[in-house]
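Take a slow look at the model below before reading on. We'll walk through a few of its strands, helices and charged pairs together.

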Amino acid sequence: MNDRPARRPAKPYRRPKKDPVRVLAFEALRAVDERDAYANLVLPPLLRKAREKGDFDTRDAALATELVYGTLRRQGTYDAIIASCVDRPLREVDPPVLDVLSLGAHQLLGTRIPPHAAVSASVELARVVLGDGRAKFVNAVLRKITAHDLDGWLEKVAPPYEDDPEEHLAVVHAHPRWVVSALWDALGGGRAGIEDLLEADNERPEVTLVARPGRSTPEELLAAVGEDSALPGRWSPYAVRLAEGGEPGALEAVQEGRAGVQDEGSQLVALALASVPVEGPDARWLDGCAGPGGKAALLGALAAERGAALLASEKQPHRARLVGRALAGNPGPYQVIAADGTRPPWREGVFDRVLVDVPCTGLGALRRRPEARWRRRPEDVAGFAPLQRDLLREALRAVRVGGVVGYATCSPHPAETKAVVDDVLKRDGVSAEWIDARPHMQGVPALGEGPDVQLWPHLHGTDAMYLALLRRTA
């Protein structure tokens with residue numbers, strides 16, 4: 001007689017359910033990791049393709065966007081939490097598996113998705129993109145993560161502030177330690193200010209439009225968007241802020257190039273340069289680092305109102321083409337060229353106003369490019385230094401005596417801002433003097449002691465743009 005219990009029949013194989021939203025989010029994260037792509041460039045075409053296939057509606061697109069950007073912003077925090085839930089060093093976890101885990105961690109700790117739904121959806125995603133074996137690993141790790149909420153995990157994985165302030169802030173606010181240190185140096189002050197800045201970096205930025213002077217008006221944009229969906233800019237007279245979920249590309253003025261998407265800090269830099277009085281002629285303006293074209297389009301419109309001509313120069317040909325598209329239809333004379341601003345084709349002293357928004361680490365735009373904080377390294381700062389100095393030096397040579405130069409960066413790192421200007425003025429024997437930039441941003445508070453200006457996300461709602469204004473004296 002056989003006393004062995006009867007074997008249960010095997011469960012029939014169930015095909016994993018393909019969730020288009022989470023599959024798309026996973027594909028975007030893989031592109032960021034594998035190709036060093038930027039989410040703001042990868043995600044729009046993926047969303048557009050999904051809409052065309054009929055897979056997505058507006059809510060789906062909003063969720064996919066939140067999953068991608070939220071996961072990237074909090075990557076460092078989620079890495080620390082996941083590391084405490086696995087039995088191997090994080091570097092030994094395959095990157096695609098880590099992406100699924102990070103997406104799951106964000107749903108559990110950074111959204112209102114119920115925990116059981118977040119785990120279930122993440123395991124189904126793992127079955128689709130990784131296979132059943134790895135899905136079991138994902139399930140086990142995410143179930144461990146459900147043991148605490150975000151605050152509970154931060155108490156476990158972040159060192160106390162009193163023991164290591166920079167590492168505490170790095171883990172809690174998801175910034176690399178060296179970035180926390182650099183931002184703190186630039187900002188100065190105590191704990192409250194740096195925490196406000198780091199929190200602002202993790203917030204979703206508003207979409208801001210610019211009505212290009214002489215071609216559009218803020219009133220036109222506000223009317224086209226609707227009063228319930230837009231607000232006037234805080235500081236720029238040409239700015240309009242869209243409510244969450246606004247579609248700038250659907251606006252006629254944007255389609256026609258009479259308006260564009262441009263952060264208000266970027267607008268303020270161009271407006272400040274244009275507002276500085278110059279004696280004598282004011283007929284020739286130069287944007288020496290013009291790609292992708294936002295500042296050039298605004299400068300071109302301002303120059304046209306005064307009968308001035310703009311030369312927009314960009315080293316990379318594909319970016320020069322973007323500048324050309326941004327300036328298309330400008331009412332005044334302009335020219336776009338592909339040229340190296342450190343070896344310029346123009347003669348010395350021929351321009352009345354020059355702007356150089358130099359290549360930099362981009363630490364001032366971490367709200368918009370959250371992956372940049374994990375991609376950049378401390379040595380990148382030193383790597384940009386020679387180029388930044390060369391571009392400023394040539395800009396000062398390009399402007400005539402009495403003309404004005406604007407040196408701008410989208411980074412608040414001290415080594416990319418005032419240190420560059422000081423070096424060029426002191427070491428290169430350039431005859432130029434500082435202009436106090438603060439009066440040329442009228443109405444904008446908290447601009448510091450001058451003469452240069454540093455904008456901040458938490459104080460001004462803009463990217464952390466830096467501007468120094470200089471007048472050539474000999």
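Helices (H or I, at least four residues) and strands (E, at least two) are DSSP runs, numbered from the N terminus.

A quick word on what you're looking at: this is a predicted model, where local features need pLDDT of at least 70, side-chain atom pairs count only at pLDDT 80 or more, and totals for chains, interfaces and linings use all residues. Residues are numbered from 1 along each chain as its sequence is written, and side-chain values use heavy atoms, with hydrogens and water left out.

Which strands pair with S6? One is strand S5 (residues 284–287), which runs parallel to S6 and is joined to it by 4 bridges. Another is strand S7 (residues 334–338), also paired with S6 in the parallel sense, over 5 bridges. (Two strands pair if DSSP finds at least two bridges between them.) If you want to find these pairings by eye, look for Arg-284, whose bridge partner in S6 is Ala-309, and then for Leu-310, whose bridge partner in S7 is Tyr-334.

Helices come into this too. S5, helix H15 (residues 294–305) and S6 make a right-handed β-α-β unit. S6 then takes part in another right-handed β-α-β unit, with helix H16 (residues 317–327) and S7. A crossover is right-handed if, with the strands pointing away from the viewer, the path from the first strand over the helix to the second runs clockwise.

The loop between S5 and H15 holds Pro-292. A cis peptide bond joins this proline to Gly-291, with omega about 0°. There's also a cis bond between Gly-450 and Pro-451, where omega is about -5°. Pro-451 sits in the loop between strand S10 (432–435) and strand S11 (453–454).

## Following helix H1

The buried residues of H1 include Val-21, Leu-24, Phe-26, Leu-29 and Arg-30. What covers the buried residues of this helix includes H2, helix H3 (58–73), H5, helix H6 (115–129) and H17.

Just after H1 comes Asp-36, with a positive phi of about 55°. Asp-36 is in the loop between H1 and helix H2 (39–53). Ala-174 also has a positive phi, near 55°, in a residue other than glycine. You'll find Ala-174 in the loop between helix H9 (165–173) and helix H10 (177–187), and it is buried, with a relative accessible area of 0%.

## Charged pairs

How many salt bridges does the structure hold? There are 37. A salt bridge is a side-chain nitrogen of Lys or Arg within 4 Å of a carboxyl oxygen of Asp or Glu. Here are some of them:

| Pair | N to O distance |
|---|---|
| Arg-30 and Glu-34 | 3.3 Å |
| Arg-30 and Asp-99 | 2.6 Å |
| Asp-263 and Arg-367 | 3.4 Å |

Arg-30 and Glu-34 both lie in helix H1 (residues 20–35), 4 residues apart, which is about one turn of the helix.

Arg-30, Asp-33, Glu-34 and Asp-99 are all linked in a network of salt bridges.

Finally, Asp-263 and Arg-367 are both buried.

Note on methods: Buried means under 20% relative accessible area, exposed over 50%, partly exposed in between (1.4 Å probe, protein chains only). Contact means heavy atoms within 4.5 Å.
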